[in-house]
Amino acid sequence: MPELPEVETLRRALLPLVENRTCLEMRFFRTDLRFPIPVDEIRQGLIGQNVASVTRVGKYLLLNASGGAMLLHLGMSGRVTERPSMEPVEKHTHAVFRFSPATCLHFIDPRRFGAIGWAPRGAGHKLLSHLGPDPLSPEATARHFKERARNCRAPVKAFLMDSKRLSGVGNIYACEALFAAAIAPTRHAGKLSLADWERLLEALRDTLNNSIAAGGTTLKDFFNPSGDAGYYAIDLAVYGRANQPCRRCQAPISRVVHSGRSTFYCRHCQKR
Ligand SMILES: [Zn+2]
């Protein structure tokens, strides 16, 4: 499943292809993704329009034009590839956008949990309005989270993964950041000190940035054409390592399951 680093890498890979370019043409082959694609709005807002920038909030990409922004979300299995023609070549190609005579972006998503939406300028979008700050944005400060978590009895791991509080952080990065910051995943979010939040955010940013740095810089590096497992294999300290020795203290890594999700951590190192 694409995580935040893959989406950030996709953003960077798209910049030279779409920034300051005009969308010339688009085709949709089916519109029933996670949400119905608002085809008319997207056509009206994007065709013949210049894409001024490509930005990201959590796992959402925004192609910003003068009248609004097209939203892309990769869901569980989504990909974007660059091809010289509008003709779909791969199975599960649901939409194609042409940005120059020989630059066409193909949106492919076998499981169709991805989304393509439109946010009119000024009005925002219901998918984005409830999102907490992106962990790599300047808004994601220790002070902000200390304040937001006041009296919060939810475990800090659940807090990190709640997109209303922090956008785009999945299970893997939550586990890895808590290990790096030596904070127990079960600790109540409201109990973290300002220094804890500082350490945790730094650990989270480092983990995400290392992963982004390990990714490719072009669409070719990013997603292999066969479509599977194009996602990054980062060096994981705890995630998926149940019963293997902790890299800091050699104690076996623990795995606990809460509401269907596994949490991996070191009982010995993550006591704070
Ligand atoms: Zn340990």
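This is a predicted model: local features need pLDDT of at least 70, side-chain atom pairs count only at pLDDT 80 or more; totals for chains, interfaces and linings use all residues.
Four strands, in the order E2-E8-E9-E7, form an open sheet in which the pairing is antiparallel.

- Strands of a sheet pair through backbone hydrogen bonds, and the pairing may be either parallel or antiparallel.
- At the edges of the sheet stand strand E2 (25–28) and strand E7 (79–83), each of which has a single partner strand, so one side of each is left without a neighbour in the sheet.
- If direction is ignored, neighbouring strands of this sheet are turned against each other by 15° on average.
- Strand E8 (residues 93–100) and strand E9 (residues 103–108) run antiparallel and are joined by six bridges.
- Within E9, the residue that stands opposite Val-96 is His-106.

**The helix pair**

- Helix H6 (residues 171–180) packs with helix H7 (residues 194–214) at an angle of about 125°, and their axes lie 8 Å apart.
- Because an angle between 115 and 145 degrees is neither roughly perpendicular nor roughly antiparallel, H6 counts as oblique to H7.
- The crossing in which H6 passes H7 is right-handed.
- On the H6 side, the contact is made by Tyr-173, Glu-176, Ala-177 and Ala-180, while H7 contributes Leu-200, Ala-203, Leu-204, Asp-206, Thr-207 and Leu-208.
- Sorted by class, the residues in this contact of H6 with H7 comprise seven nonpolar, one polar and two charged residues.

Definitions and conventions. Residues are numbered from 1 along each chain as its sequence is written. Axes are lines fitted to C-alpha atoms, for helices over the stretch in contact, and angles run from 0 to 180 degrees between N-to-C directions. Helices (H or I, at least four residues) and strands (E, at least two) are DSSP runs, numbered from the N terminus. Angles under 35 degrees count as roughly parallel, over 145 as roughly antiparallel, 65 to 115 as roughly perpendicular and the rest as oblique. A crossing is left-handed if the near helix is turned anticlockwise from the far one by less than a right angle, and right-handed if clockwise. Two residues are in contact if their C-beta atoms, placed from the backbone, lie within 7 Å. Ala, Val, Leu, Ile, Met, Phe, Trp, Tyr, Cys and Pro count as nonpolar, Asp, Glu, Lys and Arg as charged, and the others, Gly among them, as polar. Two strands pair if DSSP finds at least two bridges between them.
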